[in-house]
Each structure stands twice: as structure tokens, then as C-alpha cells.
Amino acid sequence: MIPASLRALLDATDGQRRADWAGREVWLAREPWGELAVSLQGAQVLHYLPAPGAAPAEGSLPFAGAPAAGASQSPEGLVPGGWLWVTPTPQALPGAIRGGIPLCWPWFADERTADESPDHSGPMHGPARKADWRLDAVDEHEEGVELHLSPLERLHSQLVPRAVIQANARRLHVELVTEHVGETPVKITGALHSYLAVADAQACRIEGLAGARYLDKLADFAEREQQGELGVRGGLDRIYHSNAELILDDGRRRLRIARQGSDSAVVWHPGDDLPADTPAEAGRHFLCIESANTRLDPVWLVPGAQHLLGTTLSLASDP
Ligand SMILES: O=P(O)(O)OC[C@H]1O[C@H](O)[C@H](O)[C@@H](O)[C@@H]1O
């Protein structure tokens, strides 16, 4: 589900091009394999939709395909279509866009280290999601596309990040690679903060977490164990200590979420307590399932080493 204005830009795209959306430069593709939209602010994927017929049928899904020509938009300005969700009322620059797959780097939430932010004032989720990134390369890849991006400015004294985004008719894959180019070991956390489009967050089920230990951020990080599979009811903000493949079932689509380099799966929905940039009706239609490194699995990088944090989305019906 994406804002109607972004949908209109995609509709006017034949092949690949750059455009302006919400004050940000975006890279758009509308090709035989499907659609992709990426914001150069934050190297943030905003939209992915495999072409109808290119991927296996999903049944009758209200949000599975692009809207029919002339379909009316909801009052909030969101239109169905795609696996990701973007708020129809994003913050103005230099704020970050809520939606798609923001890159949280080099720390998750407020888990900054003293090195990174000596006065503890660094932004929530790190500077990468608000920074300007450059598109270094666009390659054809497995009958789809592969994008390489890097930040325009240095974001850390010892670490250099880059992002790789692969999209084809079957899957979306995003990876955030951190290279240590300095002299002393550095501890990092971070997240690929995926906002997944769902019919109704409060009717979603996530498979793959039964028996996993988690930190409940809404209960002062109390440690708990997941009893059975997770059914979302109300607001939740949890860090699961798990590297398992997950399936998000919203009753209409079963999305497989694989993670690489991540032993923390963050599951977040604010319930009725929505952020200021999210209208009530729109807020029902996302659920965040994040491929993360958190206080449960921070990564110590030594000089010369690199770390890859990744996520791969595909349909659970696909092999
Ligand atoms: O509002 P943001 O800075 O984008 O953060 C949104 C959310 O991100 C993560 O999922 C955290 O676990 C939440 O505690 C936080 O509220």
C-alpha cells in the first residue's frame, strides 16, 4: 500500500527513471518482472510488487496487485498494491519517511555506543535513514534488477555502509553491508525496519517464533517466552532472539521473511498509539518485522572485517 501520488509516478513509468516524490529523489522501475521504488534519502525501498502472472497466483488479494485503472483512492490517500506500506503523510525533510524498508544504522533504536554518540544525542535508529545516498550502479540481475547504493557523506569515523537491493518476479532482497576501515574494534547494532503491507495488523499471525525468548520493550525489556505462534493483538514492541525464517499470514497473503546476519527479529506495531505521521486508517495496514542486530546480538567488528545484515521477502507458496 503506497500513497496515491507515488502510485501515479509508477503508473507514468515505463522501464526505469528518476523522479521527485515528497521532496525526495526516488528511483522507479516498472518492468516485465514487476515494480520497485527506492528513495535516495536513506537508500530506502518504498515499494515492491512482482508483476501479475510473473509470480505464482496469491488468490483474491485486495492488496496483492496494482489497482485497476481508475480505481478510487482511499480518503487517506493510500492505494492497494505491493508488499510494503508507506505512510500517506510523510514528514518533511530532513525527517525520515515512515514506510518501506528504512535502514537503521549503525545502531538500532537508541542503542548508541559512547563512541558513536558521546553525549548520547544521536538520532533514534542512527543517521543512515535520514542521510542522502547515491545510486552507484544498476545491474540487470536474475531477470530483475540489482541496485548498489552508498551514502554521500561519511556517517561514521571507522565504518562505511553500503546497500544492495535485488528485485525480480519472485523476491525482494535487501542487504546492508558494513565495512570496518578504521583501527579499533567497533560494536554495532541496526535494522532493516520493514513496514509490511497487511490487510489488518490486528488480524495477523506470524509463524516461526513459537518457543523463542523475547524482550518486551513495552514492559521495560522484560524477558519472556513466546507461547505458541504469535497472533498480533493490540500494540506490541518485541525483540525476539531468533534467526528463524518467519511467515507473516494476514489471512490473504503468506509472506516468507528470511534474514541474514540477524539473531534479532523485531516485531512492532504501535496499536492505537500511532505516530504523528500516520493517519488512523492507514496505520491498520502495516506490521513491522525487522531483520535486526540489537542488544541481544550486537556485532563486534574488527578492523578490516565486514558484516552483512539482510532480509529476503518472497511468497510462502514459492519454493
Ligand atoms: O518512530 P521510529 O523512530 O521510526 O521508530 C519506530 C519503532 O522502531 C522499532 O520497531 C522500535 O522497536 C520501536 O520501539 C520504535 O517505536
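Tutor: Start with burial: a residue is buried if 20 or more other C-beta atoms lie within 10 Å of its own, exposed if 12 or fewer, and partly exposed in between, with C-beta atoms placed from the backbone. Helices (H or I, at least four residues) and strands (E, at least two) are DSSP runs, numbered from the N terminus. This is a predicted model: local features need pLDDT of at least 70, side-chain atom pairs count only at pLDDT 80 or more, and totals for chains, interfaces and linings use all residues. Residue numbers start from 1 along each chain as its sequence is written.

Student: Which residues of helix α1 are buried?
Tutor: In α1 (residues 4-11), they are Leu6, Arg7, Leu9 and Leu10. Seen down the axis, the buried residues of α1 fall within an arc of 160 degrees, so they line one face of the helix. The arc is that of the directions from the helix axis to the C-beta atoms.

Student: How do I read a sheet?
Tutor: Strands of a sheet pair through backbone hydrogen bonds, either parallel or antiparallel. Two strands pair if DSSP finds at least two bridges between them. Here nine strands form an open sheet, in the order β8-β9-β10-β11-β25-β21-β20-β15-β18, with antiparallel pairing. β8 (133-141) and β18 (230-231) stand at the edges, each with a single partner strand, so one side of each is left without a neighbour in the sheet.

Student: What joins β21 to β20 and to β25?
Tutor: β20 (residues 246-249) pairs with β21 over four bridges. Leu246 stands opposite Ile257, and Ile247 has Arg256 as its bridge partner. The two strands form a hairpin with four residues between them, and Gly251 in the turn has a positive phi of about 90 degrees. Six bridges join β21 to β25 (residues 306-315). There, Arg256 stands opposite Ser314.

Student: Which side chains of β21 are buried?
Tutor: Along β21 (residues 254-260) the side chains alternate. Leu255, Ile257 and Arg259 point to one face and are buried.
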